[in-house]
Amino acid sequence: MFTNISWSSYLTVLGLVVLIWYFIILLKFYYKDLLKIFSGEKKLKFTSFKNMTERKVQDSGEYKSLSSSFSESFDTLEDAEELSARILQAVKESNEKNFSKEHFQNYLRMVLDEYPYVKISSLRENINKLMVTESSKYPNLILTLSEADSLWEGSVF
């Protein structure tokens, strides 16, 4: 029954069916974009492999350093926000449990050790000011700016 159909005619028909199928899918999902391209509102941009490699060679140093610094900056900002919330919680908890000033400082050191990127960022000063202002609300926990800054350097153990 199937001996009358040659492999070449079978593959030709199969190829045409696949092309028609992808054309239907293209029209179904990209009809509006195709209209814009054919009307001239939108242009196709093709980049050649040669242009891409030349651009990467020229921008490789700047592009990598910028992208990496931006992602680290956003991560550090998120860490600083999380750290500030933890500091507020630590100050409140230390006051509720009547910690001594030394115990309170060790608790803050432990919290600060969990955020090493904030330590080397420009947000460190803001965190120090936050620690001083929050601790000033409770007389037994008052910190100065120099004490707050020294908490980053010392270890708990």
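Helices (H or I, at least four residues) and strands (E, at least two) are DSSP runs, numbered from the N terminus. This is a predicted model: local features need pLDDT of at least 70, side-chain atom pairs count only at pLDDT 80 or more, and totals for chains, interfaces and linings use all residues. Residues are numbered from 1 along each chain as its sequence is written, and side-chain values use heavy atoms, without hydrogens and water.

**Exercise 1.** State which pattern the protein follows along the sequence.

Solution. Count the elements: six helices and zero strands. Then read along the sequence: α-α-α-α-α-α.

**Exercise 2.** Find where confidence is lowest and where it is highest in the protein.

Solution. Next, go by helix. Helix 2 (residues 49-96) is lowest, at a mean of 68. Helix 1 (residues 7-39) is highest, at 93. Finally, look at residues 61-67, where pLDDT is below 50. Beyond near neighbours in sequence, that stretch has one contact in the model (heavy atoms within 4.5 Å).

**Exercise 3.** Decide whether Gln105 is buried or exposed, and list its contacts beyond four places in sequence.

Solution. Locate Gln105 in helix 3 (residues 101-113). Apply the cut-offs: buried is under 20% relative accessible area, exposed over 50%, partly exposed in between (1.4 Å probe, protein chains only). Gln105 has 14% relative accessibility, so Gln105 counts as buried. Leaving aside neighbours within four places, Gln105 contacts Leu143, Glu147 and Leu151. For context, 20% of the protein's 157 residues count as buried.

Methods:
pLDDT is the predictor's confidence in each residue, from 0 to 100.
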